[in-house]
Amino acid sequence: MDNNDQILDEFLLEAGEIFDQLDLDFVQLEQTPQDKKLIGNIFRAMHTLKGSSGFFAFHRLEKVAHAGESLLSKLRDGIFTLNEEMTDVLLETSDRLRAIINGVQKHRREPEGDDSALIQNLKFLTDGGVGITKIAPAPSSVPDPKLEAVIEGPQVFAEKVLESSPADLEQDLLEVVKEASIDAAVNEAESSKELAAPVKVSVELLDKLMNLVSEMVLARNRLLSFARTSGDLAFNNTVRRIDTVTLELQERMMKTRMQPISQVWSKFPRLVRDIAQDCGKKVELIQIGAETELDRTLLEGIRDPLVHIIRNSVDHGIELPSERLAKAKPELGTVKLRAFHENGMVVIEIADDGAGINIPLVRQKAIQLGLVTAERAAKLTEREIIDFIYLPGFSTKAEITNLSGRGVGMDVVRTNIQEIGGTVDIATSAQGTRLRLSIPLTLAIMPAVFVRCKQYSYAIPQVNVIEMLRYEPREGVPGVEDFYGVPVFRLRDKLIPLVFLNYELKVDPVLPPVDQTLNIVIVQAAGIRFGLVVDEVLYMQEVVVKSVGPLLKGTPVYSGSTILGDGRVALIFDINAIAVRSGIIAKLADNQFEQDISAALGANTDSQQMLMFDLLGLERMVIPLETVDRLEMIAASRIDRRGNEAVVLYGKKIMRLISLAHYVEGATQKSLYGDETVPVIVHYHHGQPVGFIVKKVHNIVNVPTQVVMVSPPQRGIMGSVIVNDSVMSILNTQEVLNLSGLGPHQEAGLAGDRYADSDVITMDREDK
Amino acid sequence: MNRSGSYATFYVGNFFFGIPIAIGVEVTKGQEVTPVPLGPKEVAGFFNLRGQIVTAINMRTRLNLPDDPNGADALSIFFQDQDHLFALLVDQVGDFTEVTEQTFEETPSNLDPNARELIVGVHKLADKLLLVLDTHKIVSGIDLVQN
């Protein structure tokens, strides 16, 4: 209720001002009845009152103001000229409105009263009638609170009389009288406690003060740098005091620039209603966090983007009622506005529960507009597809409505938001779309990281800075590498593209050698993370952002400038622009493209079918399927020995059996017992069957051909592949064959003796 | 443009220029200019004049003159153009000179075409010619996208 009370107070203050102005205007109007501008002013005043009273459900106020507004609109449009009769009625309207407002101020609710006569007169005049019957002054126009309350009493009572049975009358009468007198007493008490009205200060004055505070911050910075080198304790203490006071002054000053976001949002319920009506949709607007405060200049900046987004949500997003019902969604669509603080930024979310962005349609449109080839488009991720809607002139709407579909929406939104240092993020699904705008609290003063390039200092807005690090080249540790023409740096196993600032700014004509110590500031902009290589990272400081003037309009690398403690000017980087300029974004996009191609080409060859099996103590081994001929279950009792080899009669041939566990590092050997049956993978080697004894055979899996080499190399294992997040080891068939005496040029079953492989088979010995 | 009045005068190369002091002129020297990498070549950089950011324009570059063999562009003539402060870095600052309309003449046609764009006209002083600069054109004529 506090919030409502506050809004009501604001409304009452505003209404008071409106009436003061109305009085002046009416007087003026009597002298210059033709003054269209004046009538316009009065009309607007009435309109404002009507709008606000609708919000508070002050129906009397609304009706009277509405009737007055109708007459005024005809006057404004020049259909009538003001005559004395009209002036009288209008003045009476004004008085009546004021009386109602006075009543609201005292009771916190709308006083009862009958305005039908006045409204009738207004209507009569509006319809072109002449000669109205004078009406008695309305009772509530008497401003004395006591009297008003007393008068109101009988009215309430009279109403109750009509409703009540005679038996209750006496009681009611008593109550009404009691209420009336209590009201009167309360009113008297309250009227003595005047509302401390806020002082209105012009925006120019505030801006000027803000500038002065900015100067003060700069002067403070200079003072601080003196203090650093001074040994005078008294001086340093004074400086510290000035420092804290300046800080507080700055904070308070910032507060004066802060305004609740409701200032912008207040227009939206109407906007949503109108658009919804135009599209034949039912939409409800929910506002959460309207009290969240933002710098006034930023509020201006987000107004248009928000209007665009809400239009999109209602016009494109929310489905027609019939469609919604068919999708089992409630008929009434919702658009939810939410604002909150997060990490020193203001986040504004606009979520609708509509159909979401039609990704296939966007894709199709992008192809149609020649933005992307069909093949390429098929491979783009959802996020990349969504990025198309930011392009100027991009719209999926088949026809242009007066609301949207002109394709000037999202690019403008993003540009505007980026201009004020914010970001836009879209998430979409069939359940709706959510846009997330992150906006800095203020632009005037911000924390920045200072870096040095050659002898000059530059500032990087701290919002862009992720971390700072120093790279020292070391033997054996990969440093700066080349990745599709982009120098990259490995940071915790992620490749971070590097931008060499001196080179990028054309201060240095060539890229510096990379085998040296590098100071890297990891920054994030335009959705990518990259490292800025600078000569030195200096310090962090709050800076007052100043314009760089008109001559750097063509040099978007800088977003502003600031004055350093020593009085020199330092430029502030626009990290987004640097990312764009350095071509990192484009190059990475290209590179992604190449990866896409290789993925597509490799669709058949890139994954390979392998048979998965276990060895004792070593699970998830795989063997390429093409090397597997058959799978057999062989009873240990069938296994014979032939010299050092274990063999089994396999069809008409003798198959040599090899216990894989023996040749693969990490596996445990196990002896077999006579009644046991073992799985055997049959592999043909130079036309002769060779059986690999394993513990268990699983299924066939698809594994990528990209093999992770194991280091140091392990016996019997070719490498590892990653399938569904688990690591599998590929059997090095050739190595196993070699080790078991079946080299490339040897025949199966013949070479064993040469290798004196006494340890090959222990399985059929029942000595354990 | 009012052809008579007071001018702040200065030298760039062999030229003797003047800008009307009505535009709001101030002269300082020895400012430390922060250069702008990637900026237009005419923009020497920025410096701070009592808390305001001033864009310094190198007049030699602006007028297509070779760099001063003696080096330093130490002197700056300030003026304001559309809410922003600019400073012209010049070789040497002259006196404030009062002229009348009688000495005025249109721009001579044999002037360097680049300089002629910026020059409103010329006052024939007793010993030399005073070229009247259009400060707005100095600023607005700079090609913003050069890199």
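Q: How many of the residues in strand 18 of chain A are buried?
A: This is a predicted model. In it, 5 of the 5 residues of strand 18 of chain A, residues 569–573, are buried.

Q: Which way do they point?
A: V569(A), L571(A) and F573(A) point one way from strand 18 of chain A. A570(A) and I572(A) point the other way.

Q: What sense does strand 17 of chain A pair in with strand 18?
A: Strand 17 of chain A, residues 558–563, pairs with strand 18 of chain A in the antiparallel sense, over 5 bridges. I563(A) stands opposite V569(A).

Q: And what about the hairpin of those two, how many residues sit between the strands?
A: The hairpin of strand 17 and strand 18 of chain A has 5 residues between the strands. One of note is G567(A), with a positive phi near 90 degrees.

Q: What about strand 9 of chain A, parallel or antiparallel to strand 18?
A: Strand 9 of chain A, residues 456–461, pairs with strand 18 of chain A in the parallel sense. That pairing runs over 2 bridges. Y458(A) stands opposite L571(A) there.

Q: Switching to helices. How do helix 12 and helix 17 of chain A cross?
A: The axes of helix 12 (residues 296–317) and helix 17 (residues 410–419) of chain A come within 9 Å and cross at roughly 155 degrees. Over 145 counts as roughly antiparallel. Helix 12 and helix 17 of chain A are therefore roughly antiparallel to each other. Helix 12 of chain A passes helix 17 of chain A in a left-handed crossing.

Q: Which residues meet there?
A: From helix 12 of chain A: G301(A), D304(A), P305(A), H308(A) and I309(A). They meet V412(A), V413(A), N416(A), I417(A) and E419(A) in helix 17 of chain A. The residues of that contact divide into 5 nonpolar, 3 polar and 2 charged.

Q: Zooming out, what's the secondary structure of chain A?
A: Chain A comes to 22 helices and 29 strands. Of its 768 residues, 34% count as buried.

Q: Over to chain B. Where is P20(B)?
A: P20(B) is in strand 2 of chain B, residues 15–20.

Q: Why does P20(B) count as buried?
A: A residue needs 20 or more other C-beta atoms within 10 Å. P20(B) has 21 C-beta neighbours inside 10 Å, so P20(B) counts as buried.

Q: What is P20(B) in contact with?
A: Leaving aside neighbours within four places in sequence, P20(B) is in contact with G5(B) and Y7(B). E98(B) is 78 residues from P20(B) in sequence, and the two are 9.8 Å apart in space, C-alpha to C-alpha.

Note on methods:
Residues numbered from 1 in each chain as written. Chains lettered and ligands numbered in written order. Predicted model: local features only at pLDDT ≥ 70, side-chain atom pairs only at ≥ 80, totals over all residues. Helix = DSSP H or I, 4+ residues; strand = E, 2+ residues; numbered from the N terminus. Buried ≥ 20, exposed ≤ 12 C-beta atoms within 10 Å, placed from the backbone. Axes fitted to C-alpha atoms, helices over the stretch in contact; angles between N-to-C directions. Parallel < 35°, antiparallel > 145°, perpendicular 65-115°, else oblique. Left-handed = near helix turned anticlockwise from the far one by under 90°. Contact = placed C-beta atoms within 7 Å. Nonpolar A, V, L, I, M, F, W, Y, C, P; charged D, E, K, R; others polar. Pairing = 2+ DSSP bridges.
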